[in-house]
Structure formats: structure tokens, C-alpha cells
Amino acid sequence: MMDEKDLDKVTAFDTLFTTNHIQMCKVLMSYLEPPARQTLAVYIKLAELNYTLSFLKRHPFAAFPAGTSPAKPDIGKICEEVQPYLSPSEQNRLKSVMNTMQSFQNLQDMMEMMQMMKELFPEGSGEGGADLLSGLAGLSGMGTAAEGDGGLDMVSILQMLQGFQIPD
């Protein structure tokens, strides 16, 4: 369900690129017979396009002020906001992409943590490093394949990542 703030974004855009006359035509559509509705629908879309082109010609930066750029976009937030407009199959694909992105973020966080642990406890990165890694895997709640979850052995993954350098 779309929250009020997201609906406000859509409404603000629609309001900026329309006129009262166009809005009245939209209200009148429900009182017309189907063939007339089709004609009026095309008229409304053409009127909106014409008004938008005219508005942007007169006020090129009104909708998009010069020198202002949005903060770094939060892909997760953007996905949440557009989800109500997606078909069920598109929503499933989006969820799959978001899950993959979250997995990569979790992996990056884990690698950063391993780098930090390596710097804090350099003695743990030698022969005895497996004990430290085992403890971290247990603390993370991720478990190992030995626990019967059929997943990857997190200790092996952490050991493999131990030598990976995080770019600065």
C-alpha cells in the first residue's frame, strides 16, 4: 500500500502539469457514454502533453530548479515507492533483485568486519584464526552447513574472505 507521502509525490507532479480545465474534463468523463469517453480521454492526454510542453518552455527550471540535485538516491526506498505500480511478476523480479543486493551488502559488511577484526587482532589471522572465525560465524547466527541447514559453510567463506582486501 502506498503511503500518503508517496501519493503526495505523484499528486504534486500531476498538479504541476495540468490545469483546472483538464481536471474538469476528467470529472465529466464519468457522465459520458463509452465512445465519448474514449474521445475525451485522448483529448485530455493531448491537452496534458500540450500544457506540459508549454509550461516547461515558459518555466524551464520551475519543476526542476537549477543547481539543486537530490541527495544520493536510496535504491531500496525508490524500489518501495515504485512497487505499487508494478505488476505481480514485476514485483517478484524486483524483490529478487533487492534480495540479491541485500546479500551483496551483507557480504560487504562481513568483509569490512573481517578487515577490522584482522587489524584489531592480528594474531587471530594466523593458524589460530579458525577459532576466531568460528566464533564470529556462531555470533552472526548464520551457522554452518554442518548444522544441517544445507547452506554454505560460513567459516569457510569467512576464511576465504580473510585475505580479501577492502578497497579504500
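# Questions on a Predicted Structure

Guide: Helix 4 is where isoleucine 78 is found. The model before you is predicted.

Visitor: Why is isoleucine 78 called partly exposed?

Guide: Its relative accessible area is 39%. Buried means under 20% and exposed means over 50%, with partly exposed in between. Isoleucine 78 is therefore partly exposed, at 39%.

Visitor: Which residues make the nonpolar surface patch?

Guide: Val10, Ile75, Ile78, Val82, Tyr85, Val97 and Met101 form this patch, of about 570 Å². Two or more of its residues come from each of helix 4 (75-82) and helix 5 (88-120). The greatest contribution is that of helix 4, with 3 residues.

Visitor: Why does glutamate 81 count as buried?

Guide: Glutamate 81 has 16% relative accessibility. Because buried means under 20%, this residue is classed as buried. Lysine 9, with a relative accessible area of 40%, falls between 20% and 50% and is therefore partly exposed.

Visitor: What makes lysine 77 and glutamate 81 a salt bridge?

Guide: Their closest N and O atoms are 2.9 Å apart, and the cut-off is within 4 Å, so the pair is counted. Lysine 77 and glutamate 81 are separated by about one helical turn, because they are 4 residues apart in helix 4. Through shared partners, salt bridges join Lys9, Lys77 and Glu81 into one network.

Visitor: Why are glutamate 48 and lysine 45 separated by about one helical turn?

Guide: They are 3 residues apart in helix 3 (residues 34-58), which means a separation of about one helical turn. Glutamate 48, at 13% relative accessibility, is under 20% and so counts as buried. Lysine 45, at 54%, is over 50% and is therefore exposed. By the rule for salt bridges, the count comes to 4.

Visitor: How many aromatic pairs are found in the whole structure?

Guide: The search finds 3 aromatic pairs. Among them is the pair of phenylalanine 17 and phenylalanine 55, with 5.7 Å centre to centre and 85 degrees between the planes. Planes over 60 degrees apart count as edge-to-face, so this pair is edge-to-face. Phenylalanine 17 is in the loop between helix 1 and helix 2 (20-28), while phenylalanine 55 is in helix 3, 38 residues away.

Visitor: Why is the pair of tyrosine 51 and phenylalanine 55 called tilted?

Guide: The ring centres of tyrosine 51 and phenylalanine 55 are 6.0 Å apart, with their planes at 35 degrees. Stacked requires under 30 degrees and edge-to-face over 60, so the pair is tilted. Tyrosine 51 is partly exposed, with a relative accessible area of 22%, whereas phenylalanine 55 is buried, at 9%. Ring pairs link Phe13, Phe17, Tyr51 and Phe55 into a cluster.

Definitions and conventions. Residues numbered from 1 in each chain as written. Predicted model: local features only at pLDDT ≥ 70, side-chain atom pairs only at ≥ 80, totals over all residues. Heavy atoms only, no water. Patch = residues over 30% accessible without salt bridge, like charges linked within 9 Å, V, L, I, M, F, W, Y side chains within 5 Å. Areas by Shrake-Rupley, 256 points an atom, 1.4 Å probe, with all protein chains shown as cover. Salt bridge = Lys/Arg side-chain N within 4 Å of Asp/Glu carboxyl O. Buried < 20%, exposed > 50% of the residue type's maximum accessible area, 1.4 Å probe, protein only. Phe/Tyr/Trp six-rings, centres within 6.5 Å; stacked < 30°, edge-to-face > 60°.
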